[in-house]
Amino acid sequence: MADFPGILGRYPGTRMRRNRRYDWSRRLVAENVLPPADLIWTVFVRPGNGETEPVLSMPGVERVSPDVLAKRTKEAYALGIPAIAIFPHTPPELKTPDGGEALNPDNLVCQAVRAVKDTVPEMGVVCDVALDPYTSHGQDGLVHDNYVVNDESVEVLCRQALNQVAAGCDVIAPSDMMDGRISALRLALDEAGHDKVLLLSYAAKYASVFYGPFRDAVGSASSIGQGDKRTYQMDPANSDEAMREVALDIDEGADMVMIKPGMPYLDILRRVKETFAIPTYAYQVSGEYAMLMAAGERGWLDGERALMESLLGFKRAGADGVLTYAAVRAARVLNG
Ligand code: PBG
C-alpha cells in the first residue's frame, strides 16, 4: 500500500468483488471504452468495377474495386468510423524497380481516394507512403547495390505523397521508415500549399513477421521473396530506439504517431503515450487479424469476443485509436 497512501482498505472490510457483481456496476467502474470513433478501417483496393475478391489469408477481408469501396465506406461512416486507410493491389505488370506507378495521378489508390471522397466527403482518408505496392522488388524505397537508399527514396516518397494529396487524401501516413522523411514531407506539402494535410507517422514500425498476410493482400509477397526490411524497419528487440524514433518524428512535424504491429508491442505503445502525450495509434496488423480469425474459424476461440478484447487492450495500453481490418465488424458490435 506504500504507493497508494490514500487507500487504507483491506479485507474483509474491502472486497474488490463488490464492484464486479452486477452488469451495471461493472459498466459504471469501467476505466476504458472503445467507441467506433477510435477506429481507422484499413482496406485493400483492386482495379475494376463492381469487383470483390477474398484475401485468402485474411478471412472476412476482401480486395474491392474503387466503386465498391465507396459504397462500403458509406456504411462504415454511418457506423461511426471516422477514417479509412487505403492500400492498393497493383497489377504486377505495373511494377518496376523505381515504383514509378506511385506517381501516376490516375493510379489505383488515387482512383479509390477520389471515389471515396466523391461519395462520402466527410470520411477521413489516410494514404500510406511507401513504394512497396509499386516496386518489382517489393522494397519500400529505391534499391542501389542491394541497399535501400535513404535520401533518394525520400525524394520519391514526397512526390508520392503530393500525388495522393492531389487526389483528395487528408492524412499522409509514411510507413517506409526512411530517416528524415517526416520533415521532408512536411516541407514538400507546405511548399505545395497543403499545410493542412495531416502527417500520421508510422514512427515505431518493426521488421515483423506479422505483416505476412498483408503482403499477400497487396501482392508484394512474391516481389519481396526471401528479402526483408531489416535495414530500415526496427529490430523487435528494441524499446529505447522507439522512443528516439518517435521523438524525432514529433520534432520533424508529425501530428500523430503510430506503433506497429499492435498486440506484441503494447509496452511500446504505453511508453510512447506516457512520454509524449501525442495522439498515438496502434496498428492491429494483418497477422494479428489472421490469428484471431483463424482461431475463431476453428472454434478454438470465440472470434468476436477475442477481437473486441484485443481492441480494448489497445485503449487500455494508451492508444487514442486503432487501425484494424475488423473496424466495421467491431463497430457493428459496438452499435449493438
Ligand atoms: C508497407 C506497409 C506494410 C504494412 C503497412 N504498410 C508492410 C510492410 O512493411 O512490409 C503492413 C500492414 C499489415 O501487415 O497489416 N510499407
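A salt bridge is a side-chain nitrogen of Lys or Arg within 4 Å of a carboxyl oxygen of Asp or Glu. The structure here is a predicted model, in which local features need pLDDT of at least 70 and side-chain atom pairs count only at pLDDT 80 or more, while totals for chains, interfaces and linings use all residues. Residues are numbered from 1 along each chain as its sequence is written, and side-chain values use heavy atoms, with hydrogens and water left out.

**Exercise 1. Find the salt-bridge partners of K229, and state where they lie in the chain.**

Solution. Begin with D132, whose side chain meets that of K229 in a salt bridge of 3.4 Å from N to O. Helices (H or I, at least four residues) and strands (E, at least two) are DSSP runs, numbered from the N terminus. K229 lies in the loop between α7 (221–224) and α8 (240–252) and D132 in the loop between β5 (124–129) and β6 (143–144), so this pair ties together parts that are 97 residues apart in sequence. Next, the side chains of K229 and D140 also meet in a salt bridge, at 2.6 Å from N to O, and D140, in the loop between β5 and β6, is 89 residues from K229. Finally, consider burial, where buried means under 20% relative accessible area, exposed over 50% and partly exposed in between (1.4 Å probe, protein chains only). K229 counts as buried because its relative accessibility is 4%, and D140 counts as buried because its value is 0%; D132 is buried as well.

**Exercise 2. Describe the salt bridge between K315 and D38.**

Solution. The closest N and O atoms of K315 and D38 are 2.4 Å apart. K315 belongs to helix α11 (residues 303–317) and D38 to the loop between α1 (23–29) and β1 (39–45), and the two are 277 residues apart. Both K315 and D38 are buried. A search of the whole structure finds 19 salt bridges.

**Exercise 3. Classify the aromatic pairs Y202 with Y283 and Y289 with Y325.**

Solution. Rings of Phe, Tyr and Trp (its six-membered ring) pair if their centres lie within 6.5 Å, and planes under 30 degrees apart count as stacked, over 60 as edge-to-face and the rest as tilted. The structure holds ten such pairs. Y202 and Y283 are 6.1 Å apart, centre to centre, with 45° between their planes, and this pair is tilted. Y202 lies in strand β9 and Y283 in strand β11 (residues 280–283), so the pair ties together parts 81 residues apart in sequence. Both Y202 and Y283 are buried. The ring centres of Y289 and Y325 are 6.1 Å apart and their planes stand at 65°, so that pair is edge-to-face. To complete the picture, F44, F87, Y202, F214, Y283, Y289 and Y325 form one aromatic cluster.

**Exercise 4. Identify the residues closest to the centre of the largest cavity.**

Solution. On a 1 Å grid over the protein atoms alone, a cavity is a set of points where a 1.4 Å probe fits but cannot get out, and lining residues have an atom within 4 Å of a point. Of the 16 lining residues, D132, K205, Y211, F214 and K260 are the closest to the centre of the largest cavity. At least two residues of this lining come from each of β9 (198–205) and α6 (212–217).

Methods: 1 Å grid on protein atoms, 1.4 Å probe; cavity = no way out; pocket = protein on both sides within 12 Å on 5 of 7 lines; lining within 4 Å.
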